[in-house]
Each structure stands twice: as C-alpha cells, then as structure tokens.
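Let's take a friendly look at how charged side chains pair up in a protein model. Have the structure open as you read.

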Amino acid sequence: MKNLPFNPAFASVAEFIEARQTELGKTDQEVALALGDDFEKVIPLVKKGAMKLPVNKVIELAGVLDLDAADLLKRVLAEYDPGLLATIERILGPVTMSPAEIKLLQAVRRAALGRDPIPLPLDGESVLMLVMA
C-alpha cells in the first residue's frame with residue numbers, strides 16, 4: 001500500500017510508527033536494517049517516544065514502512081519542530097499533495113514531454129494547463 005496518506009488519528013510520531021510497523025508485521029530488526037547500523041536499539045526508543053526519529057532517516061523509514069516520505073516528514077516536523085514546518089510551507093507551499101493533485105501533476109508532466117507547461121487562468125478560479133510545442 002504505497003503512499004499511505006497522512007492520518008491525523010495518531011497523536012504522535014511514535015504511535016504512528018508503532019501502528020504501521022505492527023500492521024505490516026515488521027520486527028524492530030527489519031526496520032533497523034533499513035535505517036542502518038546502530039538503529040536496532042534506536043527503533044524501540046523512537047516507538048516509546050523516548051527519542052525523536054532523526055529527520056535524515058525519514059526517507060528510509062518511509063520506504064521500509066511503505067509510507068509516503070513527504071507525509072512522514074510532515075508528521076515528524078509538525079511534532080518535533082512546528083515552527084520549521086510553518087516556515088517551509090510559507091516559503092515553498094504545502095509539503096504534501098493529495099492523491100488527486102499528484103495524479104494531475106503526473107499527467108501534466110507526461111503531456112509536457114520535458115517542456116514547461118503554461119498555466120492559463122480562465123475565470124480567476126479555474127486553470128487550464130497548456131503545453132506548447
């Protein structure tokens with residue numbers, strides 16, 4: 001189930017990781033193996049909330065738990081450093097996209113064949129994407 005969406009039902013990163021790991025039936029050792037040496041002792045601490053997940057391990061953890069890395073990063077930043085997340089989103093826009101937004105963007109990129117598509121506002125709300133030859 002790739003790209004499991006952000007689920008706000010979990011109160012913490014620790015609970016989320018524990019629940020997803022349990023759902024997949026993965027051991028701490030399996031998860032630690034994907035994160036690198038020395039993480040076998042770290043994973044239980046992260047799941048207990050006694051240690052924060054290192055942000056530089058979000059991609060690897062997302063991979064082993066079959067999660068969307070952007071969603072996991074958003075969850076980690078929202079809990080560990082909400083001010084940083086707010087600043088990033090203020091400068092770059094939302095960290096994550098909905099599945100429909102991703103599908104739309106992928107379709108535009110396929111149609112563009114490497115060219116830069118031009119957004120054409122129609123009525124102030126609707127946008128038409130035009131790919132110029």
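Which residue forms a salt bridge with Arg20?

## A pair within one helix

The partner is Glu23, and the closest N and O atoms of this salt bridge are 3.1 Å apart. Keep in mind that the model you are viewing is predicted. Glu23 and Arg20 are about one helical turn from each other, because they sit 3 residues apart in helix α1.

How accessible are the two partners? Glu23 counts as exposed because its relative accessibility is 51%, while Arg20, at 3%, counts as buried.

The whole structure holds 3 salt bridges. In one of them, the side chains of Asp28 and Lys47 come together at 2.5 Å, N to O. This pair links distant parts of the chain: Asp28 belongs to helix α2 (residues 28–35) and Lys47 to helix α3, 19 residues apart. Lys47 also meets Glu18 in a salt bridge, at 3.5 Å from N to O. Here too, distant parts of the chain are linked, with Lys47 in helix α3 (residues 42–48) and Glu18 in helix α1 (residues 13–24), 29 residues apart.

Lys47 is buried, with 17% relative accessibility. Asp28 is partly exposed at 22%, and Glu18 is partly exposed at 33%. Through shared partners, salt bridges join Glu18, Asp28 and Lys47 into one network.

## Checking a helix length

Helix α7 covers residues 99–112. Just after α7 comes Leu113, with a positive phi of about 50°.

Methods:
Residues are numbered from 1 along each chain as its sequence is written. This is a predicted model: local features need pLDDT of at least 70, side-chain atom pairs count only at pLDDT 80 or more; totals for chains, interfaces and linings use all residues. Side-chain values use heavy atoms; hydrogens and water are left out. Helices (H or I, at least four residues) and strands (E, at least two) are DSSP runs, numbered from the N terminus. The expected span of a helix is 1.5 Å times one less than its number of residues. A salt bridge is a side-chain nitrogen of Lys or Arg within 4 Å of a carboxyl oxygen of Asp or Glu. Buried means under 20% relative accessible area, exposed over 50%, partly exposed in between (1.4 Å probe, protein chains only).
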